[in-house]
2 protein chains.
Amino acid sequence: MVQSGGAPRCARDRILDTAFRMFYAHGPRGVGVDTVIAESGVAKATLYKYFPRKDDLVLAYLDKVDQVWFGQLRAAARAAGDDPRDQLVGMFDALASACRSEGYHGCAFINTAAEFEPGSDVHARTVEHKNVVRAWVTDLARRAGADDPERLARQLTLLLDGGLAAGVLDADPVTPDATRAAARVLVDAACSG
Amino acid sequence: MVQSGGAPRCARDRILDTAFRMFYAHGPRGVGVDTVIAESGVAKATLYKYFPRKDDLVLAYLDKVDQVWFGQLRAAARAAGDDPRDQLVGMFDALASACRSEGYHGCAFINTAAEFEPGSDVHARTVEHKNVVRAWVTDLARRAGADDPERLARQLTLLLDGGLAAGVLDADPVTPDATRAAARVLVDAACSG
DNA sequence: AAGTTAACAGACAGGTCTGTCTACACCCAG
DNA sequence: CTGGGTGTAGACAGACCTGTCTGTTAACTT
């Protein structure tokens, strides 16, 4: 990890970088291996050396999305202050940022899961991501003193998924505000005890 | 519309029926025209007579899903009683039914939208569906006396989308209850004035 | 200088995709 | 009996898909 911030040097990084952009924009199934090769200026043999099957590239793509998105989620929560209640609401700022970003196209995990059969490696990875995020939110809800942390976490992640999923249809700028406000109501109601 | 309830007689119905099942299970892009033909026992020329392009078949599929799903939504709301507040919460029973049904695989519209480019006919149709549903919920929220009917409708449809979208990952039986409870909290908070 | 490694360039096989086309069978009205 | 409408059966074109394979070039190591 002595990677500088500039253009990716080695071939593997270039491939993954291109796949990240293209898979998110068109869905993994909508982008051929040849297209990734052409776009990243790499030889076919090189791609298949690092990612023996296309699914391996898709898995690496999901790992990258997981890193980036989960990182933004935690950063948004942290930026909301020390009170876990505020952090539960603050994580929705990550959704607002995502909605404003160019080329926003909804939740990469939901979109990808829709394209792969349940039971496949790729599908399992998307489920795993959602479980990890929900476990993190559950912990936050517990520290916020929620009556039923698991339930609150489920409600908030469902709301988050809804806000994200709606992005594949239409990046409506009203969505993030409405979602954040709803989160506040749910958090206040669940931490009343 | 003199259609009896039994097995679809005419070729067009058989095609659409098969497409409905297969497109929902694997995504429109994941099912070839040849597969639809083989499964519905129809000649290729017949399919292309009724649906000149595959996209026409996808649009017909979305129309059918819209009819069925929107119908279930309204039926669930109606079954919850006369109070519009209860109806806003009751429509989430349609989500519960969907989650319990065999082969449940999330929201057909979100899944399909992820597979088609924004700007395409198919993508536009998915957006239209969501707008129609939200307009209906907005009307319900207005009659429920919500302070800001548009906002409440947006929050509830986002919650609904979240519950639906999560279905593509994992048909968790806890989801519908948590969603319904969250809806109750949001409705009560928005109709306080 | 020789060998090793990484990468590029691109042909190729075998399959699937959409969409068009020809040829044939049936049935019912005139 | 004839002719139009509806359907079946399946070949075909042209594009695209994944994955394998052969050769070549350049850089670094010993």
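Me: At what distance does the backbone oxygen of Val36(A) lie from a polar atom of the side chain of Ser40(A)?
Reply: The model is a predicted one. Ser40(A) has its place in helix 2 of chain A. The backbone oxygen of Val36(A) and a polar atom of the Ser40(A) side chain are separated by 2.6 Å.

Me: Does Ser40(A) count as buried or exposed?
Reply: Leaving aside neighbours within four places in sequence, Ser40(A) is in contact with Arg14(A), Ile15(A) and Thr18(A). The relative accessibility of Ser40(A) is 7%. The cut-off for burial is under 20%, so with 7% Ser40(A) counts as buried.

Me: In which helix of chain A does Val33(A) lie, and with which residues is Val33(A) in contact, leaving aside its neighbours within four places in sequence?
Reply: Val33(A) counts as buried, at 16% relative accessibility. Val33(A) lies in helix 2 of chain A, which covers residues 33-40. Once neighbours within four places in sequence are set aside, the contacts of Val33(A) are Leu47(A), Tyr48(A) and Lys54(A).

Me: What distance separates the C-alpha atoms of Val33(A) and Ala124(A)?
Reply: Along the chain, Val33(A) and Ala124(A) are 91 residues apart.

Me: What percentage of the contacts in chain A with a separation of 6 or more is accounted for by residues 24 or more positions apart?
Reply: The C-alpha atoms of chain A fill a box of roughly 60 × 35 × 30 Å along the principal axes. Of its 193 residues, 51% count as buried. Among contacts in chain A with a separation of 6 or more, residues 24 or more positions apart account for 68%.

Me: What C-alpha to C-alpha distance lies between Leu164(A) and Gly106(A)?
Reply: Leu164(A) is placed in helix 9 of chain A and counts as buried, at 5% relative accessibility. Not counting residues up to four places away in sequence, Leu164(A) touches Trp69(A), Leu95(A), Tyr104(A), Gly106(A), Cys107(A) and Lys130(A). Leu164(A) and Gly106(A) are 58 residues apart in sequence, while their C-alpha atoms lie apart by 5.0 Å.

Me: To what number does the count of disulfides over all chains come?
Reply: In chain B, Cys99(B) counts as buried at 13% relative accessibility. The sulfur of Cys99(B) is 12 Å from the closest cysteine sulfur, in Cys107(B), and this is too far for a bond. Over all chains, the count of disulfides comes to zero.

Me: Which residue of chain B is in contact with Thr126(A)?
Reply: Thr126(A) lies in helix 8 of chain A and counts as buried, at 0% relative accessibility. A polar atom of its side chain lies 2.6 Å from the backbone oxygen of His123(A). Leaving aside neighbours within four places in sequence, Thr126(A) is in contact with Leu62(A), Phe109(A), Ala113(A) and, from chain B, Leu169(B).

Me: Which three residues supply more than any other three of the area that chain A buries against chain B?
Reply: Chain A and chain B bury about 3200 Å² between them, 65% of it on carbon and sulfur atoms. A share of 20% of the area that chain A buries against chain B comes from Arg154(A), Leu158(A) and Leu169(A).

Me: How many salt bridges does the rule find across the interface of chain A and chain B?
Reply: At this interface, 40 residues of chain A are in contact with 40 residues of chain B. The side chains of Asp172(A) and Arg154(B) meet in a salt bridge with an N to O distance of 3.2 Å. Across the interface of chain A and chain B, the salt bridges number four.

Me: Which helix of chain A gives the most to the side of chain A that touches chain B?
Reply: Across the interface, 12 residue pairs are in polar contact. The elements that give two or more residues to the side of chain A that touches chain B are helix 7 (108-113), helix 8 (121-143), helix 9 (149-165) and helix 10 (174-190). The residues of that side divide into 19 nonpolar, 12 polar and nine charged. With 10 residues, the element of chain A that gives the most is helix 10.

Methods. Residues are numbered from 1 along each chain as its sequence is written. Chains are lettered from A and ligands numbered from 1 in the order in which they are written. This is a predicted model: local features need pLDDT of at least 70, side-chain atom pairs count only at pLDDT 80 or more; totals for chains, interfaces and linings use all residues. Side-chain values use heavy atoms; hydrogens and water are left out. Contact means heavy atoms within 4.5 Å. Buried area is the accessible area (1.4 Å probe) that two parts lose on being put together, summed over both. A polar contact is a pair of N or O atoms within 3.5 Å; within protein, one must be able to donate a hydrogen and the other to accept it, and residues adjacent in sequence count only if both atoms are side-chain atoms. Ala, Val, Leu, Ile, Met, Phe, Trp, Tyr, Cys and Pro count as nonpolar, Asp, Glu, Lys and Arg as charged, and the others, Gly among them, as polar. A disulfide is a pair of cysteine sulfur atoms within 2.5 Å. Buried means under 20% relative accessible area, exposed over 50%, partly exposed in between (1.4 Å probe, protein chains only).
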